[in-house]
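Thanks for coming. I will go through one structure today, starting with charged pairs and ending with the nonpolar core. Please have a look at it before I go on.

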Amino acid sequence: MFRPQISRALTRAQARRWAIRHARAGVTTTRKFGASAQLEKQEDPRVASVRFRSQDNEVLARLEATEQDWQRLRGLKTVELEGTCPETKRAEIRQYFHDTFDLFEKLHSIMASPVAFFIKHEKLRHPPIFYVGHTASFYVNKLLLGKFIDGSQRIDPVVEMQTAVGVDEMAWDDLDAGHYAWPSGEEAMADPDHAREFLNSYLDFRARVRDFVDERIAAEPLTLPIKHDSFWYVLIMGIEHERIHFETSSVILRQAPLNLVQPSPVLPVCPSGTFSLRPEEGAAPTNELLPVAAGTTRQGRLWETTKLYGWDNEFSNPVAEIPVESFEASKYLVSNAEFLEFVRAGGYQNQKYWDEEGWKWASESKCQMPRFWRCREGAQGEEWTMRTMYSELPMPWNWPAEVSRPVP
C-alpha cells in the first residue's frame, strides 16, 4: 500500500544532473556561504542601488495584496479529515488549497523589485525564487510519486526537477549557485530584465499548477474519512507544506535590505503584539517561574484515529506515554525587556546557557542579540530598534521576544 512520505521524489544527484542538462540559462558562478546567517551581512554595494522600475509593474502586480486579502486569508485553519458530506468536504479542501496558494503569493507582495527574488537574504537557504517554484512543484512531484498522475501530466519538468529539492541541513551541499538555472543575485542585478522575465515564468508555472490541482479536486472521488493512502491526503500534504514555507519564507524575506521591500496590507505590523497587563503604559509584565507537577505526556498518534493531517514523524504504534519530571515554567512569554537582561549579561557568549548544538552555532556566528534586533549609538546613547517585514520600529519592549535560531 502506498504511504505518503516526506521523502524527496528523486535523489539530489538525479535532480541536479537532469536540471542542469535542461537548464534554461547557464549559471557558472560558484560562491561560498558563511558559517552562519547570524553574521553581519556584507551586502554587495549594488544591492543598495536597486530601485523599483516602472517596467516591473506588470509582474509585481501579479502578487499585489489588498486589505480584503488580509481579512480573507488570516487565521486559516487546517481541514479535518472527517465529515458527513463528501461534496461539502471537497468544497472545503478546494477553498483551503486556493487560500493557502494565495497566502504564499501575497507574502511576496512586500518585494519592491523582481531582483529581490534572486538575492540570498538568508545565507543558509535558497533565494526566494526557489520557493516560488518549490511550493507549487511539490504538488506535482508528490502526486507523481504517489502514482496519482503519470509523467505525461507534468506541468513543466524543468521547473519541477529544478525546484524539487531544498537545502539539506545534514549536508549543506546544495547551495552552490552553479547547480541551478535561475539567475544569481549578481546576474539579476546586472540584467534586471532577465530577472523580471524569469520571475514571470515561475508565476506562470504556479498558475498552471493551480489550475491543474483545481481540476483534480473537481474530478477525484472522495470518501470520508480521508485515509492516508488517498489522493486527498497527498493534496493536504501539499497545502500544509506550503503553509510551512509561508512561515520560513517570511523569516527569509524579513532579512531583505529595506530598499528591496515595501509595505503590504496582507502583512500589517501586529497591532496587539503587547501582552502587557498595562498596555497603555507600555510596560512588560513582571515575570515569575511557576511550578508544574510531574506527570506524563503522550508521544505520537495513530494513523487509524487521527482527525487532522500529520507528518510521518508524528505517528507511532503503539503511542507512548512518557514520564515528565516536575519543572518550572515562566508565567508569561519572555518579553523583549526581560530578554535584554540576557543580552546585556553576555548570554550569547556564555557556554553554560547553551546545549552543545546551540553553543556551536552561537560561538561560530558571533551573534550578540536576537536576529531582528538592532542597536545603534545615537545622541541619547543606545538606540534599540526591531526589524519587521518591511520596516524598523523603536524596540517594543513589552512584546514577546523573538530569539535567534541557527536556521529559520
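How many salt bridges does a search of the whole structure find? The search gives 25 salt bridges. Keep in mind that this is a predicted model.

Start with aspartate 214 and arginine 94, whose side chains form a salt bridge with an N to O distance of 2.6 Å. Aspartate 214 sits in helix α8 and arginine 94 in helix α4, so this bridge links distant parts of the chain, 120 residues apart. Is aspartate 214 buried or exposed? Its relative accessible area is 18%, and the cut-off for buried is under 20%, so aspartate 214 is buried. Arginine 94, with a relative accessible area of 38%, is partly exposed.

Next, arginine 196 and aspartate 193. Their closest N and O atoms are 2.9 Å apart, and the two form a salt bridge. Here both partners belong to helix α8, and they are three residues apart, about one turn of the helix. Arginine 196 counts as buried, at 18% relative accessibility. Aspartate 193 is partly exposed, at 32%.

Then there is the salt bridge between the side chains of glutamate 392 and arginine 376, at 3.1 Å, N to O. Glutamate 392 is in strand β7, which covers residues 392-394, and arginine 376 is in strand β5, residues 373-378, so the pair ties together parts that are 16 residues apart in sequence. Both ends are partly exposed: glutamate 392 has a relative accessible area of 27%, and arginine 376 is at 40%.

Some salt bridges are also joined into a network. Which residues does that network link? They are Asp69, Arg72, Asp99, Asp102, Glu105, Lys106, Arg206, Arg210 and Glu242.

Now two buried polar residues. Serine 109 is in the loop between α4 and α5. With a relative accessible area of 9%, serine 109 is buried. What does the side chain of serine 109 make a polar contact with? The partner is the side chain of serine 264, at 2.5 Å. Leaving out residues up to four places away in sequence, serine 109 touches Leu63, Glu64, Ala65, Gln262, Ser264 and Val266.

The other one is asparagine 141, in helix α5. Asparagine 141 is buried too, since its relative accessible area is 5%. Its side chain reaches the backbone oxygen of glutamate 160 at 3.1 Å.

Last, the nonpolar part. The largest nonpolar core has 72 residues. Which of them touch the most other members? Those are Phe117, Phe118 and Leu235. Several helices supply at least two residues each to this core: α2 (57-61), α4 (86-107), α5 (128-145), α7 (185-190), α8 (192-219) and α9 (231-253). Apart from this core lies another one, of 14 residues, including Phe339, Ala362, Met395 and Trp399.

To finish, look at phenylalanine 118 again. Setting aside its neighbours within four places in sequence, phenylalanine 118 is in contact with Pro127, Ile129, Trp182, Pro183, Ser184, Gly185, Ala188, Ala195, Phe198 and Leu199. That is what I had for today.

Definitions and conventions. Residues numbered from 1 in each chain as written. Predicted model: local features only at pLDDT ≥ 70, side-chain atom pairs only at ≥ 80, totals over all residues. Heavy atoms only, no water. Core = buried A, V, L, I, M, F, W, Y, C linked by side-chain atoms within 4.5 Å. Buried < 20%, exposed > 50% of the residue type's maximum accessible area, 1.4 Å probe, protein only. Helix = DSSP H or I, 4+ residues; strand = E, 2+ residues; numbered from the N terminus. Contact = heavy atoms within 4.5 Å. Polar contact = N/O pair within 3.5 Å; in protein donor to acceptor, adjacent residues only side chain to side chain. Salt bridge = Lys/Arg side-chain N within 4 Å of Asp/Glu carboxyl O.
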